[in-house]
Amino acid sequence: FAVQSDEFNNLSLQGGSFDRVSPRMEQSLDKFRSEYGDRSKTADRLDMFGGDYKPTDSLTASFYASNLEDFWHQYYFAFTHELGDSKVFALSTNLNYYKTKDAGQSKLGAIDNDTYSLSFTGTHNAHSVSLAYQEVNGNEYFDYAHDTNAIFLANSLLSDFNGPNEKSLQIAYVLNMAEYGVPGLKFNIYQARGWDIDGTHYKGTGYTDVLAMDGETHYEYGIGSSYSVQSGPLKATAIRATYTTHRASENQADGNINEFRLVTTIPFNIL
C-alpha cells in the first residue's frame, strides 16, 4: 500500500509498504533484489516514509527513510534552490545525499555507504548549462532495489557512476526551442567521466566483483532531442530520442556500450 498526505501547508508526506515489485519487462510480481549485488538474495518487503517541505517558492527540502528487509536501511536527503530569472540569468542548485547501512540478516554482507551529488544549472533564455559532481564513499556500490529506478543522483545516466569510491563529473547543455517559436522542442548534449573506482578493500559478501576494481575509469556522452505535443487530441504526448556511447576500463561494471533509445509517452484517460 501507499499513502500521501498534503494536509499541511508547504509539506507533503508519503509512506508505503510493498511486498513485491513488478519487473519492467514482464507482467508478473517478484521479490525484491539488489540492483548491483548478489541477485540470488531476495527480500520480502520494502518500507518507506518521508516528505517534501517547501518553505518558500524557491526552496525545497526532502527527507526519506526506507528499509529493504534484511538488506539495508537507506536514508535520503535532497535540497533544491532556485534563484533569479531565466530572462536574465537563473541558477538552480541541487544536492542529493544517501546513507546506506546493512540491516537485519545483512544478506548482502556489511554495507556502509555515503553517496552524494551536487549540481548547478545556469539558464539564460533558451540556453541551460549544468555542472554536476558526484562521489561514492564506500567500498561497495551505491545500490538500490532492482526494477525500482530509485536513484536520484545527478550523474545517474546510462551508467549510474556509482562504483566503490567513485568520483564523477558531468557537463550538459540544453537548448529550449520555445524561445525560437517551437514550444515543446528541446535538444541536449552531455558528457560525464568517472574515476578512482576502487573496490580492493571490500570485506563483504554481496558485491565481490568490486575486488577486481583498482583505479577503474569510464566516460559517457549522449545527444538527444525531445518534443511534447502542445495542443489537440495528442496534447502532452512526449517523444524522446537519445544516442549514448559509454566506454570503460577493463573491470568497470558497465563496459562498452552504444545505445539508441526512442521513447514515446501517450497519456490517456481510463474513465
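Predicted model: local features only at pLDDT ≥ 70, side-chain atom pairs only at ≥ 80, totals over all residues.
In which loop does Ser106 lie? Ser106 sits in the loop between strand 6 (89-102) and strand 7 (112-124). Its phi is positive, about 50 degrees, although Ser106 is not a glycine. Most residues other than glycine have a negative phi.

Next, pick Phe161. This residue is in the loop between strand 8 (127-137) and strand 9 (167-176). Phe161 has 1% relative accessibility, so it counts as buried, the cut-off being under 20%.

Now go to the largest nonpolar core, which has 25 residues. Select Phe32, Leu68, Trp72 and Tyr207, the residues with the most contacts inside this core. Strand 4 (59-68) and strand 5 (72-85) each give it two or more residues. Strand 5 gives the most, with three. Stay on Phe32 and show what it touches: among its contacts are Phe18, Arg20, Lys41, Leu46, Leu68 and Ala145.

Turn to the largest pocket, with about 1300 Å³ of space. Its lining has 40 residues; select Ser156, Leu157, Leu158, Tyr190 and Arg261, the closest to its centre. Elements giving two or more lining residues include strand 10 (185-198), strand 11 (214-228) and strand 13 (257-265). The lining has 19 nonpolar, 13 polar and eight charged residues.

Finish at the second largest pocket, about 520 Å³. Select Leu46, Met48, Ser66, Ala150 and Phe152, which lie nearest its centre among 19 lining residues. Strand 5 gives the most to this lining, with four residues. By class, the lining has 14 nonpolar, four polar and one charged.

Note on methods. Residues numbered from 1 in each chain as written. Heavy atoms only, no water. Core = buried A, V, L, I, M, F, W, Y, C linked by side-chain atoms within 4.5 Å. Buried < 20%, exposed > 50% of the residue type's maximum accessible area, 1.4 Å probe, protein only. Contact = heavy atoms within 4.5 Å. 1 Å grid on protein atoms, 1.4 Å probe; cavity = no way out; pocket = protein on both sides within 12 Å on 5 of 7 lines; lining within 4 Å. Points joined across faces, edges and corners; volume = space filled by probe spheres on them. Nonpolar A, V, L, I, M, F, W, Y, C, P; charged D, E, K, R; others polar. Lists of a residue's contacts leave out its neighbours within four places in sequence.
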